[in-house]
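Open the model in your viewer and keep the selection tool at hand. The stops below go one residue or pair at a time.

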Amino acid sequence: MSLACQYDRVRFANFLGDIVRQVAIEARLRIPEHYPKLARVKGGEFRAEPPVLTVNEGLLIVSGKVNPRMIYLAEQSAAESGTLKEENLRDSESDGYRAPLEYGVSWWEESELNFEERIEIPGLTPEMSVEVDLKPQTVLYEKENSYEVVFHGVLDLIVHTALPQSVELVSEVTTQPAGRVNLRKDRIAIEEFAGVKTASLPVRALLLIPNYKPGVQRLLDYFVRPVGITSELYNGKVAVKGLLEVAVIYVGADDEGRPTEIFVNDWNRETETAIPFEAFIDSGVAGKILAEPKITAKNLKIEHHSQRELHCQLDLECDVRLMEIVTKEFVMEVIPEAGEAIDTEVNLVNLEEFCEECQGLINFEQEVVLPAGTPDIERLLTYCGTLEDLVVEAADDKLSITGNLNIDLYYVTEGLDDQRLFQTGWNKQNSNCLPVSGYLESTELAPGVVLRSQVALDSLKLELLGSRTLKVQGKLKARVVVKSPRAVSVIQNCALVTPADLASRPSMLFYIVQPGDTLWKVARKYQTTMETLIQANQLSGPDRIETGQKLLIPKRLFTAK
């Protein structure tokens, strides 16, 4: 009888625990000369560009850039000279008019701040998949003089690592003549890690201020939020679609170009004015895949070329993690006919069996009160939110999702001598994050399941209930992959054993283990089985031999215990 094995390869990713590292960035920034002099810092933020990663043995180098943006109060005389003619100023003052003194300034391109963080990660190799999320945490601008501030920013680096692994196993055994063995098989559905694909999509859009609002005299701040992200597979390509919601805070202009009040304009899903985008990425995968997209805006600029036209430009970084769902059938046991001997090399492999993917929207709603010490709201302008500290757990037949919501709020206030625009929030910096939670239904929550989640803020709406009270409403978009850990004994090699002629083999035969030897190789050399060698040499397992070790080679085959 002859025997032949067919092999298959299982590829999977071992996702390691996330590493969080904080990076402190400090720099002296100069306000451009054509801006009015600085009287007092009102607040600000900074935005992080997608980083460049260098993966070495045991060391990850993260290089990136941040774009600071500050709102400040100008000196009265400097602001007047830059925005109002003297006769117009007198006319305005006689009418009780007071021009806004708030100005916004950003530092980008040649003024961007660079950082580099070196993170030692034991076991890291260049072959591993590494992703890094950047989340601005705290920021402080300190006035040095009329044209200089010191920027202090803290940035969270969240490092996600995955070790691609593969195991070769026997999927079929055939004999000649046919049918001389019986096979016991099993099958398992797993996620095969197909890599991370990246595409950059330039976005250029003309934003028009509606006629029922004043035009733009100067910009104070602006935000872009990717929302409604979806992914679909078309002929080996992943189509990533979504919308960009834009909010611009600005000082309005009257018919003569004089500054009036502080306003905001939003281009969003609700008014069907958000900017649509679509990117196509080659997947390189023909079967069923799970595509997990992540969208990051970089090189963001919004400029006004006239009172009613704003030019928005940015580049979208589209990263898609691809996981292919495959079902593998493998041989667990080979049972020969009587009188035949077959040796098998069996290894225990720890896999995670794919169970299901759960998706859904989680609604949340609560009332909040302005933080103590902040002035009342006269007019709500805009807001933006981010998620922190997300935890996904299995609870009975549901997936529990909890986390914290950060909100930065901008509004117009009354009763302050030299300012109208105010910024506050509920966030980690103020130690008053808002808790959010919810559930997804699941049918595959056996004990000990492994969960991999992707949760994003899908929508956020703030409604003013009173001068200090707001209602917060929103939705979380959650995708959770449920997997079950499973230890599988797989046959990685199979061979027919033809026992040697007992008369030709000495009663005492020894072999000295050579470099690169395995018990499987020694068994093939002497036409015996690994089980025979394990019993004869009282080995604790098939991988317990060392170079130079003396092995007894028995004449007869031993049967498994």
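Leaving aside neighbours within four places in sequence, which residues is Glu-245 in contact with? Select Glu-245: the contacts (heavy atoms within 4.5 Å) are Phe-223, Val-224, Arg-225, Val-227, Trp-267, Asn-268, Arg-269 and Ala-274. This is a predicted model, where local features need pLDDT of at least 70, side-chain atom pairs count only at pLDDT 80 or more, and totals for chains, interfaces and linings use all residues. Residues are numbered from 1 along each chain as its sequence is written, and side-chain values use heavy atoms, with hydrogens and water left out.

Glu-245 is buried, at 12% relative accessible area (buried means under 20%, with a 1.4 Å probe and protein chains only). Its side chain reaches the backbone nitrogen of Arg-269 at 3.1 Å.

Next, select Gly-425, which is buried at 0%. Beyond four places in sequence, the contacts of Gly-425 include Pro-371, Asp-408 and Asn-432.

Now show Phe-46 and Phe-151. Their rings form an edge-to-face pair, 5.5 Å centre to centre with 85° between the planes (pairing needs centres within 6.5 Å, and edge-to-face needs planes over 60 degrees apart, for rings of Phe, Tyr and the six-membered ring of Trp). Phe-46 is buried at 5%, and Phe-151 is buried at 0%.

Finish at Arg-218, whose charged end sits over the ring of Tyr-103, 3.7 Å from its centre (CZ of Arg or NZ of Lys within 6 Å of the ring centre and within 35 degrees of the ring normal).

Definitions and conventions
Buried < 20%, exposed > 50% of the residue type's maximum accessible area, 1.4 Å probe, protein only. Polar contact = N/O pair within 3.5 Å; in protein donor to acceptor, adjacent residues only side chain to side chain. Phe/Tyr/Trp six-rings, centres within 6.5 Å; stacked < 30°, edge-to-face > 60°.
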